[in-house]
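Please examine the charged side chains of the model shown below. The paragraphs that follow lead from one pair to the next.

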Amino acid sequence: MSAPLVVAVAPDSPAALAGLQPGDEIARVDGQVPRDVIEWQMFTDEADIALDVLRNGLELDVEVPKRAGESLGIEVQSAVFDRVRTCDNHCEFCFIYQLPKGMRRSLYLKDDDYRLSFLYGNFTTLTRFTEADLERVITERLSPLHVSIHATDHHVRNRMLKNSRGGMSLRWLRALLDHGIEVRGQVVVCPGVNDGDVLDDTLAGVLDRFPELESVAVVPLGLSKFNKESAMRLHTPDEASRVVDIIEEWQATFLDVLGRRMVFAADEYYLMTGRDFPAAETYEGFPMHEDGIGMARTFEREFHGVTDEATGVRSGFFAAVDLPANPAAYTGLRSPSNDVVQSVSLRPRRNARVGVLTGPFGAQVIRPLVEQLGRDDVRILPVENRFFGGNTGVTGLMTGDDLTRVLGAEPEGDRYLLPDVCLSDDGRFLDGLSVDDLPRAVEIVPTDGIALRNALEQAA
């Protein structure tokens, strides 16, 4: 177990006034050893705390005068100080198994840790969940949690997880709900495995056994060109249409029985089938926006000024895989605001033509919105994902290599808008390239409709 490592200290904070420095290791807080940032926040929320600090091989006792509830003002290196609980399932559809070799090591970490589920929205299968975990979740009210359901039939779930505990582990889901923990579910639909009648049975099982679930996201299987599982394949148009039909039928049932729709189809299903996205009000507040549910309608509302508050997104598919050092809810520090367009390299003139970089799925959503502006100086530049291949079309998985290919064929001097969702906190893409490696200067914009509208208005 490693000690929390200080990577930043807020100026004039209690930590700064007490003399704490980046590089310090915090061995104990009031004699207690925090296992993660959840406990770190609990321990450091107290008034006038005492820290056991390791600095350059020396042990220091540091008293920090502060008010109860006042932020200590420290940013620590990671969210988990003991071992991340790794996944012992062997799901054929797991995207981690579909990554190419040679990427940074952290991307290959397959977690099944309820703490990361609480902190970052990672989905856990609960196959490694224990009585002690349940007690902690209930005692500390670690809510909401995000649970991968996939199927409520024990045999189907066992097969999908390739784990004999797969079906039985849903007892923990029942226990969490019994104790008032908010849980958001997910079903990854694999054609020929848990779609069709199995999906219908799963949603019947949700209504029968888990009606207290906050929501259930139904998302399609993601395949890369590195997939080696022959049983995993893409949806046919008819299969995708049936998924949408089943979900819409069950929405009506849930609405009638529970007073809410409960289950939602990922935007990708509507793009695959060519159907119109559901009306904004049917998403019931967009509870699963970050899981690709209602993103298109949200973006549209933001772009047209229906709302002045950006919903925002996490930073891509691997949002939490690097265990970001600054989970804002727990450290008390905040990253600089990114509400305005940021420039990288030399900024082109403001009246230059504009190219909006986005993934193929994003292009289908953004293009009709931009066309409504009637501007011939703005064009959409879809970036085909050749790095991952398969059906990878989300903007958050765009890589530097694919962007280099697209930008290299575009003229110099134009403005190129790049959504921040495809970048890590240090400005790198999943393939390790940075924005400085791109052949054209780009402007990084937050991935929401308000930011895009503002950027385009600056060019008008």
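R275 is partly exposed, at 26% relative accessibility; the term covers values between buried, under 20% relative accessible area, and exposed, over 50% (1.4 Å probe, protein chains only). A salt bridge is here a side-chain nitrogen of Lys or Arg within 4 Å of a carboxyl oxygen of Asp or Glu. Because R275 lies in the loop between helix 9 and helix 10, and E248 in helix 8, the pair ties together parts that are 27 residues apart in sequence. Helices are DSSP runs of H or I with at least four residues, strands are runs of E with at least two, and both are numbered from the N terminus.

This is a predicted model, in which local features need pLDDT of at least 70 and side-chain atom pairs count only at pLDDT 80 or more, while totals for chains, interfaces and linings use all residues. Residues are numbered from 1 along each chain as its sequence is written, and side-chain values use heavy atoms, without hydrogens and water.

Side chains of opposite charge can pair when their charged atoms come close. The structure holds 30 salt bridges. In one of them, R115 meets D82 at 2.8 Å, N to O. R115 belongs to helix 3, whereas D82 sits in the loop between strand 5 and helix 3, 33 residues apart. R115 is buried, at 5% relative accessibility, but D82 is partly exposed, at 24%.
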